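Subject: A structure for you to look at

Hello,

Here is the structure I promised to pass on to you. Have a look at it first, and then read on for what turned up in it.

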Amino acid sequence: MPSGSRWGPWRSLITLAPVLIGAPLLAYHQHFKLPEPLSALTDPITKLPQISEERILGVARHLSEDIGYRTVGTYEHALADRWMVEAAEQVQQNCERIVNKTGRKLECEVWRQEGSGNHRFDMMGKRLYKTYVNLSNIIVRVSDGTPEGKKHAVLVNSHLDSTLPSPGAADDALSVGVMLDCMRVLVETPEWSPKHAIIFLFNHAEESLQDGSHLFSTQHPIASTVRAVVNLEAAGTTGREILFQATSEEMIEAYSHVPRPYGTIFANDIFSSGIILSDTDFRQFEQYLNVTGLDMAVVGNSYLYHMRKDIVENIEAGTAQHMGENTLALLKYLSSSKSPLPSLTEGYSPPTTVFFAHVGPTFFMYSFNTAKILYTALFIMSFALVRATFVDPAPALKKGHGFWREQGKGAVAVAASIIGTLLVPNVVAVIMRVVLNKGMSWFRSPLAPIGLYGPAALLGTMISQYLVGEVHEQSVFTALLLMQTLMALAIQMINIGSAAIFFLSALPLFIVFALNQLFAGSNHRLSLWTYGVGQMLPSLTGTLLLLGVTEVFVPLTGRIGAEAPADNIVATIIASLGALSFPLALPFTHRFGRRTLLRGIVLLSMLMTVLIGFFAMMEPFDKMHQKRLFILHLENITTNEHHLHLAAADGAPGFKDLVHDIVREFGTTDVDPVPVVMDDYNSDWDPLYPFSAFLTPYKVPLAVHPGYVSPWVNGQEFVVTSVSHNENLLPGTRNITVTISHPGLIWTVIAFDAHVLKWSLDDNPPDEHVRHHIKEGSFYGHDTYSFDMVVQNPPGTSEAGAEILVNFIGLQEKGIWPAKKGVKAQGGAAMHLFEHLDAWLEEKTQGTVDALLLGCVAGVAVI
């Protein structure tokens, strides 16, 4: 490649095209690459057992389609429990058959754990309490059969249950299948015997806020032998499973042994920051067992996360194979003689390790101390190189401070580019959302917003550089190099491992700048070789990061609430990561002078006008990228009123019109729907609390037939009662036992205001008069729970005035559509409405809406 000193912008760009296009294409191929799915249970060449995607998906299909929606408390949830016990016992029988035949040191033990409990579950800044009755877990321990072999164990976890609106093929039946197949391969591998035990936990209550993992961690006799955890999850249906949480150096090192690593310190930092409001069973294991581990999940196509279309046909070919082979490799290593498990007996230290997977099977890891040394050395060498190679661009005008003056001008240009790169995409976002009322038009594809906000970010860079004025190209390049090396060093000094992204961008810039004289000869300009070679690694690394982040955050905007500026969030993400992916676009804007830069601004502005028009014509939702709609049919047994509640969790336009259309079609009164306030006192949405904070709700009354007799008052009484205890009672307090009876209802919630001094839910109630939410999740057929509490009476109140108002609500076990369509006749008025409403929505929106339809019963009690 020539130096390009006299080449114009078009010829230069065409010359650089192989890098500008090729590196992102390579990143795209790497990001979406999956192994070939296998059907055979054994390798035809080695005759050894192997992971079979076909078998894994068979398990997922049986759970999600044959059994169906396995919501905690439902009949289907109980069916899954029964099936899982049988599957575990089959593993045990196969294990015993092999041991009897070969004499291998191998033992498989099975438990069906059942228990009740309480735990505090803080989420989204809210204090929440969980109580559960007779929930179950199925546990299989594979060991060498000796006490020493059972002393240290690795726990691998998945959950059998699914959430309210989803059959849960990927979340989390896929992981259940992976664990079963890993057990098969391990048990049937000749000569394999674990040095350390593997505990397979099939927990049966994750979606009810991690009750199953809490039950195991606090009550199972072998929980104390767990030294590390591998948690398997899904928030999507395609692509590679990502390691998004690693809590010790030992476990990061263990992960380095998987055949297809996909995990980065960047994902780890993002998740641990709390930006993504999500959680897994990993939390319970950390909190109650004090163990380290790895949290891994399938996250591609998370449009289907907690949706009806989370079914096997939408799980991408190769996804199960990828997760299965990586999980198997982890379990083999952690159960071997090389395992770090014995060293984790006394707990663990949080990781101080930078790690990231890159192209192919490569996996890099180094300590924070090493990072600080590397980044410091790079900054010092970069400064020395910039100083040593400095040539004043205008020696005739030199006034004795040419170097610092030029670096200052370059630094101003870099600072201006940051502002411009972020500002213009956000202006475009405001135009789309506010001016044109076409917010989230890009929602249907994680790559679509790159097409809108990527050019906008480049335009912002170009405008900022035009406004800065004439700056020498090399001064901008060197200022960019110094800024990136300084950012890497400064961020790493505060122990944030994601500083590596600046290091990975700065390192190739340093190398090519050192070689620039070789590329450019004696003309002291930046060679096109410098641009081409220097841009390769940042483009590759940045695009890998950009694809991973947009794959998560773009679908996430469909469930973060109407008040969140989704367009601006996505615009900022793409502008930031785009700038990291193509850092040399900045000095390149100064290569051909201001007149050429102005022409480029005009052309790109024209392109942006076309892009805005194009995206304004797009609809945000389609059949595979649907709008989430939340619909409640609520019967209040205190007021005898029925209401229809409608809500959405996104800010895309059109929801208000859809609400009015629904009410015109299905409303039974002349009252228009009205928006209602969503806060802690809106108990109508307590089954979804605290996620309900993201909802934009409407409410409309429904007519009640004069002859209607509520089954929840007559025959299946839903009641909250209390019994007072006067023994050892302190003045100004009440000691009461509260009992909730909810036959035919699940996921009940009570909410009340009180100053609780002591209760049986935990040892640390808030020491003030506040709102309390208690959510229940119990096994099918268990419909009563109770708790004790001592409350402080409000100052100046009589005993009668100390009564507590309790809001209560529950879901009809047979009133959830479409999960219970098979028994719709038993769901009453709610299911009758839902059947017709769901069909109407499908036709009206052409399948672009996925509705969660819940029949609810609520009321108010005084205790």
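At what angle do helix α11 and helix α16 pack, and how far apart are their axes? Please keep in mind as you read that this is a predicted model. The angle between α11 (residues 402-435) and α16 (residues 566-581) is about 155°, and their axes are 9 Å apart. Angles over 145 degrees count as roughly antiparallel, and α11 and α16 are therefore roughly antiparallel to each other. The crossing that α11 makes with α16 is right-handed. On the α11 side, the contact is made by T421, L422, P425, N426, A429, V430 and R433. Their partners in α16 are D567, N568, A571, T572, A575, S576 and A579. Sorted by class, the residues of this contact are seven nonpolar, five polar and two charged.

Next, two other helix pairs.

Helix α13 (residues 473-493) packs with helix α14 (residues 500-520) at an angle of about 140°, their axes being 9 Å apart. That angle makes α13 oblique to α14. Here the crossing is left-handed. From α13, the residues in the contact are Q474, F477, T478, L480, L481, Q484, T485, M487, A488 and I491. From α14 come F502, F503, S505, A506, L509, F510, V512 and F513. This contact of α13 with α14 has 13 nonpolar residues, five polar ones and no charged ones.

For helix α2 (residues 53-67) and helix α4 (residues 169-188), the packing angle is about 135° and the axes lie 8 Å apart. α2 and α4 are therefore oblique to each other, and they cross in a right-handed way. If you want to find the contact, look in α2 for R55, I56, L57, V59, A60, L63 and S64. These meet A169, A173, L174, V176, G177, V178, L180, D181 and R184 in α4. By class, there are 11 nonpolar, two polar and three charged residues in the contact of α2 with α4.

Now for the space inside.

Last, a few details of the backbone. Most residues other than glycine have a negative phi, and most peptide bonds are trans. Where are the cis peptide bonds that I would point you to? One joins Y689 and P690, with omega at about 5°. P690 is placed in the loop between β12 (674-675) and β13 (696-702). Another joins W817 and P818, also with an omega of about 5°. P818 sits in the loop between β19 (805-817) and α20 (828-845). Then there is N301, which is not a glycine but has a positive phi of about 55°. You will see N301 in the loop between β7 (292-300) and α9 (319-334).

Enjoy exploring, and write back with any questions.

Best wishes

Technical notes. Residues numbered from 1 in each chain as written. Predicted model: local features only at pLDDT ≥ 70, side-chain atom pairs only at ≥ 80, totals over all residues. Heavy atoms only, no water. Axes fitted to C-alpha atoms, helices over the stretch in contact; angles between N-to-C directions. Helix = DSSP H or I, 4+ residues; strand = E, 2+ residues; numbered from the N terminus. Parallel < 35°, antiparallel > 145°, perpendicular 65-115°, else oblique. Left-handed = near helix turned anticlockwise from the far one by under 90°. Contact = heavy atoms within 4.5 Å. Nonpolar A, V, L, I, M, F, W, Y, C, P; charged D, E, K, R; others polar.
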